[in-house]
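Please walk me through this protein model, from its overall layout down to the surroundings of single residues.

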Amino acid sequence: MLVGIARDPEARVCDLAERIGISQRGVQKILADLYLTGYLERERVGRRNHYSLNLDQQFRYPTEAGRPIRLLIDTFVGRGAAARDAASRDAASRGAAAREAPDRDTPR
């Protein structure tokens, strides 16, 4: 479920159920548990929910206890995917700022 949400934070319950192969009710129960235990947050956007993961939250299972879920997400979604997304946004905003800034070499 965590990987499914990381790949598509705007996925609907029915989308997650189909991808994972469980019922929609099962997905709802898992989402509620993840929300109550601090693994994810949900934001209502129009008629849909947008989910975001707390990547610093630690696993509960004894063999992985103390390790952040970021390790799982980086392994299955792509190492550094969030960093690449942030770098892309930063580059786009720098490009926009450069287009808006006056050119100092151009005479007035």
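Which residues does Arg67 touch, not counting residues up to four places away in sequence? In this predicted model, Arg67 touches Gln57, Gln58 and Phe59 once those neighbours are set aside. Arg67 itself is found in the loop between strand 2 and helix 4, the latter spanning residues 70-77, and at 47% relative accessibility it counts as partly exposed. The C-alpha atom of Arg67 is separated by 8.5 Å from that of Asp56, although the two residues are 11 apart along the chain.

Gly38 has its place in the loop between helix 3 and strand 1, which covers residues 40-45, and it is partly exposed, with a relative accessible area of 28%. Beyond residues up to four places away in sequence, Gly38 touches Asn54 and Gln57, and Gln57 is also one of the residues that Arg67 touches.

The secondary structure comes to 5 helices and 2 strands, and from the N terminus on the elements run α-α-α-β-β-α-α. Of the 108 residues of the protein, 19% count as buried. Among contacts between residues at least 6 apart in sequence, 36% join residues at least 24 apart.

The packing of two helices can be followed in some detail. Helix 2, residues 13-20, and helix 3, residues 24-36, pack at an angle of about 105°, with their axes 8 Å apart. Because angles of 65 to 115 degrees count as roughly perpendicular, that is the description that applies to helix 2 relative to helix 3. In this contact, Val13, Cys14, Leu16 and Ala17 of helix 2 meet Gln24, Val27, Gln28 and Leu31 of helix 3, and by class the contact has 6 nonpolar, 2 polar and no charged residues. The buried residues of helix 2 are Val13, Asp15, Leu16 and Ala17, and what covers them includes helix 1, helix 3 and strand 2. Helix 2 is followed by Gly21, whose phi is positive, near 90°.

The largest nonpolar core has 16 residues, of which Leu2, Ile5, Leu31 and Leu40 touch the most other members. Helix 1 (2-7), helix 2, helix 3 and strand 2 (48-53) each supply at least two residues of this core. Leaving aside neighbours within four places in sequence, Leu31 is in contact with Met1, Ile5, Val13, Leu16, Leu40 and Tyr51.

A last stop is Arg7, which is found in helix 1. Arg7 is exposed, with a relative accessible area of 55%, yet it is in contact with Phe76 and Val77 when neighbours within four places in sequence are left aside. The backbone oxygen of Phe76 lies 2.8 Å from a polar atom of the side chain of Arg7. Arg7 and Gly78 are 71 residues apart in sequence and 9.6 Å apart in space, taken from C-alpha to C-alpha.

Key:
Residues are numbered from 1 along each chain as its sequence is written. This is a predicted model: local features need pLDDT of at least 70, side-chain atom pairs count only at pLDDT 80 or more; totals for chains, interfaces and linings use all residues. Side-chain values use heavy atoms; hydrogens and water are left out. Axes are lines fitted to C-alpha atoms, for helices over the stretch in contact, and angles run from 0 to 180 degrees between N-to-C directions. Helices (H or I, at least four residues) and strands (E, at least two) are DSSP runs, numbered from the N terminus. Angles under 35 degrees count as roughly parallel, over 145 as roughly antiparallel, 65 to 115 as roughly perpendicular and the rest as oblique. Contact means heavy atoms within 4.5 Å. Ala, Val, Leu, Ile, Met, Phe, Trp, Tyr, Cys and Pro count as nonpolar, Asp, Glu, Lys and Arg as charged, and the others, Gly among them, as polar. A nonpolar core is a set of buried Ala, Val, Leu, Ile, Met, Phe, Trp, Tyr and Cys residues joined through side-chain atoms within 4.5 Å. Buried means under 20% relative accessible area, exposed over 50%, partly exposed in between (1.4 Å probe, protein chains only). A polar contact is a pair of N or O atoms within 3.5 Å; within protein, one must be able to donate a hydrogen and the other to accept it, and residues adjacent in sequence count only if both atoms are side-chain atoms.
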